[in-house]
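Work through the exercises below with the structure in view. Try each task before reading its solution.

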Amino acid sequence: MKALIFEGPGRKTLKDRDIPVIDSATDAIVRMTKTTICGTDLHILKGDVPSCTPGRILGHEGVGVIEQVGAGVTQFKKGDSVLISCISSCGKCEYCRRGMYSHCTTGGWILGNTIDGTQAEYVHIPHADTSLYPIPDGADEDALVMLSDILPTGFECGVLNGKVQPGGSVAIVGAGPVGLAALLTAQFYSPAELIVIDLDENRLQAAKRFGATNTIRATGEEAKQRVFELTENKGVDTVIEAVGIAPTFELCQEIVAAGGVIANVGVHGFKADLHLEKLWSHNIAITTRLVDTVSTPMLLKTVRSGKIDPKQLITHRFKLDDILDAYDTFSKAADTRALKVIIEAV
Ligand code: NAD
Ligand code: ZN
C-alpha cells in the first residue's frame with residue numbers, strides 16, 4: 001500500500017508499505033477513504049515532537065471502511081463506514097473511565113505519532129470498539145473528517161478548559177483550523193466578545209465568517225493594545241492559544257483578564273517563560289491538554305443537526321498520490337489560502 005512516512009525532521013516520503021495485519025483480537029484494519037493534514041503534522045516534521053520517530057506513517061485524522069476486525073471486536077464488522085479518532089484507547093481503564101482517553105494505560109496511542117497513522121491506504125486501529133465511531137447513513141464524510149481531531153481539540157482543550165461563559169470575553173490566538181474549530185464551538189456558550197488574533201488576513205476573514213466579533217492582524221504589543229481597547233482595558237476572560245510558539249504564549253499571559261483562564265492548545269516544542277508574579281496576583285489559571293476526543297459523539301450530533309458546519313474549513317482536495325503537494329499547500333497557507341485539505345485515498 002502507499003503510505004506517507006516520516007523520515008526524520010524535514011523529511012517525508014510517499015512509499016510502499018505492507019498492508020497492516022490484525023495482531024490483537026481487539027484490532028481493526030480500516031481502508032482509508034479520506035484523510036487530512038493537521039498543524040501537528042507540521043510540528044512533527046519540524047522535529048518538535050520527539051515521541052514520533054522516523055519510519056512512522058503520518059496522519060491522525062480520517063474516515064474509512066472496515067476491511068477486517070479481530071475476533072474480540074463487537075461493535076464493527078467488515079464493510080462498516082467509520083470515523084477514526086486520533087487517539088486509540090481501551091475505554092475501560094481508570095483514565096478512560098475519567099474521559100482521559102489520551103492517557104489510557106493500555107493505549108492512549110496517538111495515530112501518526114506514537115503508532116502508524118492515516119495518511120496511507122490502510123490503517124491499523126488497536127482497541128477498535130472504543131477508537132472508532134460508526135458513520136450514520138447519509139452523513140457528509142468531508143465534515144466528519146474534522147471530528148477526528150480539530151473540532152474536539154478546539155472544543156475540549158480550548159473552549160471547555162478555557163471555561164467560556166455566556167456573556168464572557170474570549171480571545172483565540174491563531175486562526176488555523178484548530179483556532180477556527182475553537183471559534184465555532186465557543187459559540188455553543190454565547191460569549192459576548194470573540195476576538196481572533198492572527199497574522200494571516202485570509203484566515204482572519206474566515207474567522208469573521210465563522211462568527212468572530214473582532215479580528216486583530218497583529219502580534220505582540222500591538223495585539224495586546226487592541227485587545228485592551230476592545231475590553232475596556234480589562235483583557236479577556238478566556239485566552240485560547242492555538243499557535244504553539246513562545247511569543248503567542250507570552251501574548252496570552254499579557255491579554256488575560258484578572259480571574260481569567262489561559263487554555264493552551266498549541267503543541268509547543270519549547271520551554272515557555274511564566275510571569276508567575278503577574279499570574280498569581282491576577283488569579284490566572286493555565287490549562288493545557290492533549291485532546292481526548294471524548295466529545296466526538298456529541299460534536300457529531302451538533303454537525304448532523306446543522307448547528308455547526310465544519311465543512312466550511314475545507315479549501316483544497318488532493319489524491320493520496322499527490323499528498324506531497326497537499327503538504328506544500330497546507331504549509332504555505334498565507335499564499336495558498338489553505339485551511340483544511342482533504343486527501344482522498346481512493
Ligand atoms: P496551523 O499551523 O494551521 O495554524 C496556526 C496559525 O497560527 C496560523 O493561522 C498562523 O498564521 C498563526 N500564527 C503563526 N504565528 C503567529 C503569531 N506570531 N501570532 C498570531 N498567529 C500566528 O495549525 P492548526 O492545525 O490550526 O493547529 C494549531 C495548533 O494546535 C498547533 O500547535 C497544533 O499542533 C495544535 N494541536 C494541538 C492538539 C492538542 O491535542 N492539544 C491537537 C491538534 C492540534
Ligand atoms: Zn491534529
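**Exercise 1.** What percentages of helix and strand does the chain have over residues 177-289, and how far apart are the end C-alpha atoms?

Solution. Over residues 177-289 the chain is 41% helix and 26% strand. Helices (H or I, at least four residues) and strands (E, at least two) are DSSP runs, numbered from the N terminus. The end C-alpha atoms of this span are 17 Å apart. The model is predicted: local features need pLDDT of at least 70, side-chain atom pairs count only at pLDDT 80 or more, and totals for chains, interfaces and linings use all residues. Residues are numbered from 1 along each chain as its sequence is written, and side-chain values use heavy atoms, without hydrogens and water.

**Exercise 2.** State the bounds of domain 1 and domain 2 and the separation of their centres.

Solution. Domain 1 covers 2-149 + 292-344, and domain 2 covers 152-288; such bounds come from an automatic or database domain assignment. Their centres, taken over C-alpha atoms, are separated by 27 Å. To the contact (heavy atoms within 4.5 Å), domain 1 gives 27 residues and domain 2 gives 19 residues.

**Exercise 3.** Describe the interface of domain 1 and domain 2.

Solution. First, the area: about 1,900 Å² is buried between the two domains, with 65% of it from carbon and sulfur atoms. Buried area is the accessible area (1.4 Å probe) that two parts lose on being put together, summed over both.

Last, the helices: helix 1 (39-46), helix 11 (296-304) and helix 13 (333-336) each supply at least two residues of the side of domain 1 that touches domain 2. Helix 11 gives the largest share, 4 residues.

Definitions and conventions. Chains are lettered from A and ligands numbered from 1 in the order in which they are written.
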